[in-house]
Amino acid sequence: MKKNIRHEKILSLISEYDISTQEQLTQKLTECGFEVTQATVSRDIKAMNLIKIQDSNGQYKYAAVKSDKSDKTQYDAIISHSVVGVDYAMNITVLHCRSGMANAACASIDALEFNKSVGTIAGDDTIFILNRTEEAAKELADTIRSIIK
């Protein structure tokens, strides 16, 4: 119960403030009467699938990815703002992203559930996507290219 209330407050805080670090989020939660540690906040961020996005000033801040998979446009927006290049080799699709944006783009790709993909791995600026076939890798690369154009 406490966790659900805290998660709701976290969503409220990241929508109201530009929070870019776990320390800032911990401080805001403490100001709101929650007794949390940075480790708790770190677990909450992971459990809530929060991502960092770049704001209009070029700064990064926490944001929630909506779980409504029918809203494809939000995922396309994240991908189009994050991904700068796409290529594939055999059954692997590789996405090159703006620095620090690979996790957000990867979370969006995972949410879109490309059925021919086995899994994804994101670094700071690169995403590897393992596909079942070379044709699936080419198809995914073409799909991503159409989103980022």
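This report describes the strands and helices of a predicted model.

## Ground rules

Residues are numbered from 1 along each chain as its sequence is written. The model is predicted, so local features need pLDDT of at least 70, side-chain atom pairs count only at pLDDT 80 or more, and totals for chains, interfaces and linings use all residues.

## The hairpin

Strand S1 covers residues 50–54, and strand S2 covers residues 60–64. Helices (H or I, at least four residues) and strands (E, at least two) are DSSP runs, numbered from the N terminus. S1 and S2 pair in the antiparallel sense over five bridges. Two strands pair if DSSP finds at least two bridges between them.

Which residue in S2 is the bridge partner of Ile53? That partner is Lys61. Five residues lie between the strands of this hairpin, where Gly58 takes a positive phi near 85°.

## The four-stranded sheet

Four strands form an open sheet with antiparallel pairing, in the order S3-S4-S6-S5. Strands S3 (83–89) and S5 (117–122) are the edges, each pairing on one side only. From one strand to the next, the twist averages 15°.

Strand S4 (residues 92–97) runs antiparallel to strand S6 (residues 126–131), and five bridges join them. Ile92 has Leu130 in S6 as its bridge partner.

## Helices on the sheet

Helix H4 (residues 72–82) packs on the sheet and touches S3 and S4. Contact means heavy atoms within 4.5 Å. The direction of H4 makes about 90° with that of S3. Axes are lines fitted to C-alpha atoms, for helices over the stretch in contact, and angles run from 0 to 180 degrees between N-to-C directions.

Helix H6 (residues 134–148) lies across S3, S4, S5 and S6. H6 runs at about 165° to S3.

Definitions and conventions. Side-chain values use heavy atoms; hydrogens and water are left out.
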